[in-house]
Amino acid sequence: MISLEGVSSIRKTHDMLPIHSKPKLWNPSIAPNPPTFKKILPLKISNPWNENKEANESKAGRIKRLVLSNEGRTKLNTFPDREFYAYPRFVTHVDDGFIATLTDLYRERLKPGSEILDLMSSWISHLPNEVVYKRVVGHGLNAQELARNSRMDYFFVKDLNHDQKLEIEDSSFDAVLCTAFAEVFRVLRPGGVFIVSFSNRLFYEKAINAWRDGTAYSRVQLVLQYFQCIEGFTQPEVIRELPSAGNSQDDKSPFSWFMKWLGLFSGSDPFYAVIAYKNFKPVYD
């Protein structure tokens with residue numbers, strides 16, 4: 001789910017430890033030779049014929065405009081996000097239908113053997129169990145939650161609302177899930193996919209005003225604008241799967257009726273995903 005919202009901040013890419021059963025933060029006293037991310041360096045050729053091409057390429061990843069006003073960024077709870085997320089929440093924030101839809105989407109869009117960065121992750125992975133990826137790096141706001149996620153090879157904790165800089169080298173990943181959009185563009189490889197998924201659930205007091213007071217339509221449009229304000233992403237694709245009336249729960253109580261009238265209960269969680277690629281959308285056989 002999109003959250004844009006750590007216990008502590010890991011300042012270097014290599015401050016992460018490879019794991020087999022549970023991910024752990026890297027400890028330099030016991031891991032003197034930590035792994036590092038690969039880096040793909042572009043080949044630069046001094047040629048006057050390439051000047052215009054290089055000038056255009058240099059614009060890729062730049063922020064063309066800001067989407068939100070200061071008012072749109074405001075929260076009811078203005079205390080640091082680290083404090084709000086200091087205690088682990090070992091719960092699921094969406095229902096089984098949403099999770100199944102998201103897992104199917106990942107199964108369809110993420111190639112086996114890919115290197116994946118999962119932003120705003122938690123203790124449960126939504127990646128398909130049967131698919132083997134080269135590396136999964138998780139990010140979140142609570143180390144205890146992330147340490148329970150056995151799908152991750154590494155994890156790091158950082159408040160991206162406070163500092164959007166990802167301490168990761170350029171072109172490190174084939175896919176990013178969930179969002180400092182310019183930073184995501186930078187760490188994606190050309191042709192890499194960025195998938196932002198969300199439902200209608202939120203921590204009301206920590207959601208920004210534009211999200212908290214928005215409708216389903218306006219939230220989708222907001223994520224679309226996030227993509228469109230960064231030079232170099234492809235035209236975003238929107239996927240919606242809304243619960244039908246036949247899927248609604250049988251609870252006929254006045255409380256249930258009132259909550260549905262407020263739009264807080266819909267029987268099952270609606271699914272939204274906005275997807276775009278860095279530079280181009282790959283074509284696979």
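Helices (H or I, at least four residues) and strands (E, at least two) are taken here as DSSP runs and are numbered from the N terminus. The model described is a predicted one. By this assignment, Met 120 falls in the loop between S3 and S4. The protein as a whole contains eight helices and nine strands. It has 285 residues, of which 45% count as buried. The protein exposes about 15,700 Å², and carbon and sulfur atoms supply 54% of this area.

Seven strands form an open sheet with mixed pairing, in the order S5-S4-S3-S6-S7-S9-S8. At the edges stand S5 (154–157) and S8, each of which pairs on one side only. Neighbouring strands of the sheet are turned against each other by 15° on average, direction ignored. Strands of a sheet pair through backbone hydrogen bonds, and they do so either parallel or antiparallel.

Strand S3 (residues 115–118) and strand S4 (residues 135–140) run parallel and are joined by four bridges. In this pair, Asp 118 is placed opposite Gly 138 of S4. S3 also pairs with S6 in the parallel sense, over three bridges, and here Leu 117 stands opposite Val 176 of S6. S6 in turn pairs with S7 in the parallel sense, over four bridges. Leu 177 has Ile 195 in S7 as its bridge partner. S6 is mostly covered, as four of its five residues are buried.

The antiparallel pairs involve S9. S7 and S9 run antiparallel and are joined by six bridges, with Val 196 opposite Val 274 of S9. Five bridges link S8 and S9, again in the antiparallel sense, and Glu 241 is found opposite Phe 271 of S9.

In a regular strand the side chains alternate between the two faces of the sheet. In S9, Phe 271, Ala 273, Ile 275 and Tyr 277 point one way, while Tyr 272, Val 274 and Ala 276 point the other way, and all are buried. Because seven of the seven residues of S9 are buried, this strand is largely enclosed by the rest of the structure.

Helix H3 (residues 96–109) has 14 residues. From its first C-alpha to its last, H3 reaches 20 Å, close to the 20 Å expected at 1.5 Å a residue. At the start of H3, a side-chain oxygen of Asp 95 comes to within 3.3 Å of the backbone nitrogen of Gly 97. H3 lies across S6, S7, S8 and S9 and runs at about 20° to S9. The buried residues of H3 are Phe 98, Ile 99, Thr 101, Leu 102, Thr 103, Leu 105, Tyr 106 and Arg 109. Their cover includes strand S6 (173–177), strand S7 (188–198), strand S8 (237–241) and strand S9 (271–277).

Most residues other than glycine have a negative phi. Met 120 is not a glycine, yet it has a positive phi of about 55°. With a relative accessibility of 15%, Met 120 counts as buried, because the cut-off for buried is under 20% relative accessible area. Ser 121 is found in the loop between S3 and S4 as well. Ser 121 has a relative accessibility of 11% and therefore counts as buried. Leaving aside residues up to four places away in sequence, Ser 121 touches His 139, Gly 140, Leu 146, Asn 149 and Met 152.

The other loop is the one between S5 and S6, where Ser 171 lies. Ser 171 has a positive phi of about 50° although it is not a glycine. Its relative accessibility is 12%, so Ser 171 counts as buried.

How values were computed. Residues numbered from 1 in each chain as written. Predicted model: local features only at pLDDT ≥ 70, side-chain atom pairs only at ≥ 80, totals over all residues. Heavy atoms only, no water. Expected span 1.5 Å × (residues − 1). Buried < 20%, exposed > 50% of the residue type's maximum accessible area, 1.4 Å probe, protein only. Contact = heavy atoms within 4.5 Å. Polar contact = N/O pair within 3.5 Å; in protein donor to acceptor, adjacent residues only side chain to side chain. Pairing = 2+ DSSP bridges. Axes fitted to C-alpha atoms, helices over the stretch in contact; angles between N-to-C directions. Areas by Shrake-Rupley, 256 points an atom, 1.4 Å probe, with all protein chains shown as cover.
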